[in-house]
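This report describes the surroundings of two ligands and the packing of selected side chains. The structure under discussion is shown first.

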Amino acid sequence: MHLYELPLLFALVGLALYTVLGGADFGAGFWQLVAGRGERADEIRDEAHHAMAPVWEANHVWLIFVLTVVWTAYPAGFGSIASTLSIPLFIAAIGIVMRGGAYALRAGTRTAGEQRRVDTVFAVSSVLTPFALGTVIGAIASERVHVGNPGGSLVTSWLNPTSIAIGVLAVASGAYTSAVFLCGDAIRRGEHALAERFRNRALGAGLAAGGAAIAGLIVLHFDAERIFRRLTQGVGLPALIVSVLAGLATLALVWRRRYEPARYTAAIAVAATIAGWALAQNPVFLHGLTIREAAAGHDTLVAVVVAILVGALLLFPSLALLFRLTLGGELRDSGQPSGGAPVRSRRRALVSIRLDARLSVAFLVAGIGFLTVANAQWAHAIGVVCFFGFILSGYRAALPADVVDAGE
Amino acid sequence: MVPEQMNHLAAIVAALGPGEQKYLSQARQMQALSFAVHIPLVAFGIAFPAMILFVESRYLRTGDELYRTLARRWSRILAALFAAGVVTGTILSFELGLLWPNFTGTFGSVFGLGFAIEGFSFFMEAIFIGIYIYGWNRLSPRMHFASGIPIAIAGFTGSLTVISVNGWMNHPIGFRYSHGRVTDVHPLTALFGNSYFWHELTHMYLAGYMVAGFVLASAYASGRLGGRWGRYERTALAVPLAVATLASVAQIFIGDWNGREVATNQPTKLAAFEGLGKTTKGAPVHILGWYTDGHVEYGIPLPRLLSLLAFHSTDATVKGLDAVPSADRPPVNVVRYAFQTMVGIGTGLALLSVVYLATLARRKRLPESTWFYRALVVAGPLSVVALIAGWVTTEVGRQPWVVYEVMRTSEAVTGADVIPVGYATLALVYLALAAGVAWVLLRLSRRST
Ligand code: HDD
Ligand code: HEM
Ligand code: HEM
């Protein structure tokens, strides 16, 4: 492993997490789309909405992560991709806006009818977005993107057999993983009937995703020969095998209603597919551009890698907390009041608000002196601190005492 | 690197070079539209969590349910605004590549790190918003409060890293550039060793508190005019208003500092602020008026003020637009009016704030005059206008450069010729989004009565 490959590895890990986690959120939207009408359909829609509400934003950030790492570490490659594939990327972006918008809107709906309309916008964009992102992967995998602004056709680069096959696969596998996750979720909430309905969907979607994967391989055979060869005979083969086995194992586990382990095998199946693609495509980044050539300079790569490692130290414990709480069913908004309020009415010695106000004015005067009158940079730094001191110390004095008892 | 590889790389970069520029102005408008939608939303991401936490801390101290109800309702509004902020920010991330591939392709290795680090702030924000919003009933009150703290911190670090990128675009350092290629890149120096971004960060951070504060206060002020004025409403008005008024007073001085930084680092931009055609000793400021033929017509002149403000001396020489060829000048009237709008509104808001603070200092209670509340109702939207006008000042004032004096915006633009369709679509979707968000906010606020 070379330094210039490391950021790409991180980006691929991010992509895999996005495909598994974000993909399942999109899949939840898919189930809303095909839920039909009536009360039973509303149950499906509600479950799909509530299961992803606390997590979709965090899951979405993986996409941002992938984008920013690629444009920092492989700028020339990113520029060409963004310009050549501007149409599908734009469709994906619009889909993301509509999805997020619909999510925000749902908070304001009151009647089931309103909710259904919002859910439809949500659902349509949930299918559109993964499909468009899948075509982007297909375009890169079939080497239809060259270096350039734009480097390749704006249309056939992403409307071609490989792109369409991968787009369909993205939608199908999202629906599959999401149904598997939702089974487990419904069981945890004791909704066994609902779990059964998601089980049927999971089994159906599993078969569909498997079919899409096989069809995809056939398409690759004719349309992206290099990838196909390396995937079926070369470095990509182990990953392909893992992916097939994990996919089958998931089906078997869902069949036997073992939803918790199925959650993980489903994730492995998706991640292995991405790994297989990456191994098969290596060392080519775009047509006529190797990873090494696309990579930024040494300092940038080091900085990116260090930033990601440090960030990961913060990120993973936080994510673990979020998922522990969600999977533990603790983040369901049930509307019950919490156990009693912690009354800490220890009345502290009354700090004089008047003193605060004086301090605040002193900060203001000092701030003006250091920032506005003085010219040196160090003075400006002190000045800025003084202005923040002005706001913080003045805050209590700026609150009406009869309204907010800020001081105790 | 072996020469052969060098040649290959040079060819790559040449291929990426400027595309056809038929749609440059649409691309710019599209970028501007997307910012104009994102930035007011992130003002809430910056300031709202801290306000909610303050109210929740009152609940922890006193056990008064009113505070809990208020914090909870606000947290729902935050969730809706955050969702809208997330998607509009995603559009921006896509657009940096989609509209300006040559900018990202050439300089991604220099400034990209800022966004990569920012990604982690977004993660923190998204994760803890999920926990905070959905954890009201499930976490212990203290844990719940604690889960909100990272949101407030991430709002700050997120803006810090984005603005470090903007600071770099305005004052590019930390790399060498020749024949369309960057070498010798030091991303940390470029972003954080840059003296130019601190004033922007401070100014934007305060602007976030002003916008969130005045917009919230303006909603409750209009409630008061409509007769809704219980203790709940008074609290909901006072908490954001108190911080917005303090920030407004500070903002005048921070803004003045911004002006001086611009004067030293981007003299052409400063000349555009004031419509100063010729390099002048003892330069004046004009209020209103219109810039034509190298000077401001019909404006109200304030002699020597510009020299005094920018360089602290009434005799200082200020560089005019004539210092650079006309191809290197920004569109003066846009920049000038944006600047005047911001300063005008900023001054007005600061005066309103002084009225509020003086009433509190003397009487320890909220002002009672209906006029004050009418003014507050307008203050919310006006603060948003000032925010956007400020960014127009900075961004349009930097034109024609996307990276100041290094790369022109026309060199950065995409060669893909689908921009008009994209622009129209985005405008429609944003219109729908705006209508939707307005509808939700109305619903959420109605529910609270
Ligand atoms: C509520 C919003 C708001 C208010 C009331 C003001 N500003 Fe502002 N201003 C902004 C919001 C803003 C901003 C956040 O939109 C900008 C854009 C770039 C930046 O750093 O902050 C800005 C930029 C900006 C710049 C350009 C900085 C650059 O290009 O690097 C200057 C010179 C000022 N401002 C000066 C002022 C002055 C003298 C004000 C006094 C009343 C003022 N601003 C009030
Ligand atoms: C990093 C933080 C940035 C912020 C906060 C910011 C802010 C803004 C805002 C508010 C506008 C609107 C101006 C208007 O309404 O006319 C704008 C315009 C623009 N921005 Fe930025 N910007 C940033 C970075 C960038 C980047 C990375 C680019 C990439 C090239 C960029 C290029 C532009 C261009 C070309 C315009 C249009 C200018 C015009 O119409 O003349 N900005 N920006
Ligand atoms: C004035 C400059 C900017 C500031 C202060 C700012 C700040 C923020 C903040 C605080 C958020 C959190 C969401 C929220 O509170 O609504 C956010 C979201 C976001 N911003 Fe910005 N931003 C700015 C400009 C930009 C630019 C130029 C880009 C990209 C090129 C960008 C990309 C994003 C993205 C992708 C998100 C969503 C993150 C997520 O998924 O959680 N922002 N921004």
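## Iron of ligand 3

B:His38 belongs to helix 2 of chain B. In this predicted model, the iron atom of ligand 3 has one donor from the protein, namely NE2 of B:His38 at 2.2 Å.

## Shell around ligand 3

The shell around ligand 3 holds 23 residues, of which B:His38, B:Gly45, B:Gly89, B:Ser93 and B:Phe122 come nearest. Two or more residues are given to this shell by each of helix 3 (56-73) of chain A and helix 2 (24-62), helix 3 (65-98), helix 4 (101-134) and helix 5 (141-170) of chain B. The site is shared between chains, because residues from chains A and B surround ligand 3.

Helix 3 of chain B gives the most to the shell around ligand 3, contributing eight residues. By class, the residues of this shell comprise 14 nonpolar, eight polar and one charged.

## Iron and shell of ligand 2

The iron atom of ligand 2 has B:Glu395 as its only protein donor, through OE at 2.0 Å. B:Glu395 lies in helix 12 (residues 370-398) of chain B. The side chain of B:Glu395 also places an N or O atom 2.9 Å from a nitrogen atom of ligand 2. For B:Arg28, an N or O atom of the side chain is 2.5 Å from an oxygen atom of ligand 2.

Ligand 2 is surrounded by 19 residues, and the closest are B:Arg28, B:Phe35, B:Trp391, B:Glu395 and B:Val402. Helix 2, helix 5 and helix 12 of chain B are the elements that give two or more residues to this shell. The shell around ligand 2 consists of twelve nonpolar, four polar and three charged residues.

B:His203 is located in helix 7 (residues 197-225) of chain B. Its relative accessible area is 17%; because buried means under 20%, B:His203 counts as buried.

When neighbours within four places in sequence are left aside, B:His203 is in contact with B:Gln251, B:Ile254, B:Gly255, B:Asn258 and B:Met342.

## Aromatic pairs

Over all chains, the whole structure contains 29 aromatic pairs. One of them joins A:Tyr18 and A:Phe26: the ring centres are 6.3 Å apart and the planes stand at 85°, so the pair is edge-to-face. Both A:Tyr18 and A:Phe26 are buried. The rings of A:Trp62 and A:Phe65 have centres 5.7 Å apart and planes at 85°, and this pair is therefore edge-to-face.

A:Trp62 and A:Phe65 are separated by about one helical turn, because they are three residues apart in helix 3 of chain A. A:Trp62 is buried, at 3% relative accessibility, and A:Phe65 is buried with a relative accessible area of 5%. Elsewhere, a cluster linked by ring pairs takes in A:Trp71 and A:Phe78 from chain A, together with B:Phe103, B:Phe107, B:Phe111, B:Phe115, B:Trp168 and B:Phe175 from chain B.

Note on methods
Residues are numbered from 1 along each chain as its sequence is written. Chains are lettered from A and ligands numbered from 1 in the order in which they are written. This is a predicted model: local features need pLDDT of at least 70, side-chain atom pairs count only at pLDDT 80 or more; totals for chains, interfaces and linings use all residues. Side-chain values use heavy atoms; hydrogens and water are left out. Donors are N, O and S atoms within 2.8 Å of the metal (3.2 Å for Na, K and Ca); water is not among the atoms, so sites may look incomplete. Helices (H or I, at least four residues) and strands (E, at least two) are DSSP runs, numbered from the N terminus. A residue is near a molecule or strand if one of its heavy atoms lies within 4 Å of it. Ala, Val, Leu, Ile, Met, Phe, Trp, Tyr, Cys and Pro count as nonpolar, Asp, Glu, Lys and Arg as charged, and the others, Gly among them, as polar. Buried means under 20% relative accessible area, exposed over 50%, partly exposed in between (1.4 Å probe, protein chains only). Contact means heavy atoms within 4.5 Å. Rings of Phe, Tyr and Trp (its six-membered ring) pair if their centres lie within 6.5 Å; planes under 30 degrees apart count as stacked, over 60 as edge-to-face and the rest as tilted. A polar contact is a pair of N or O atoms within 3.5 Å; within protein, one must be able to donate a hydrogen and the other to accept it, and residues adjacent in sequence count only if both atoms are side-chain atoms.
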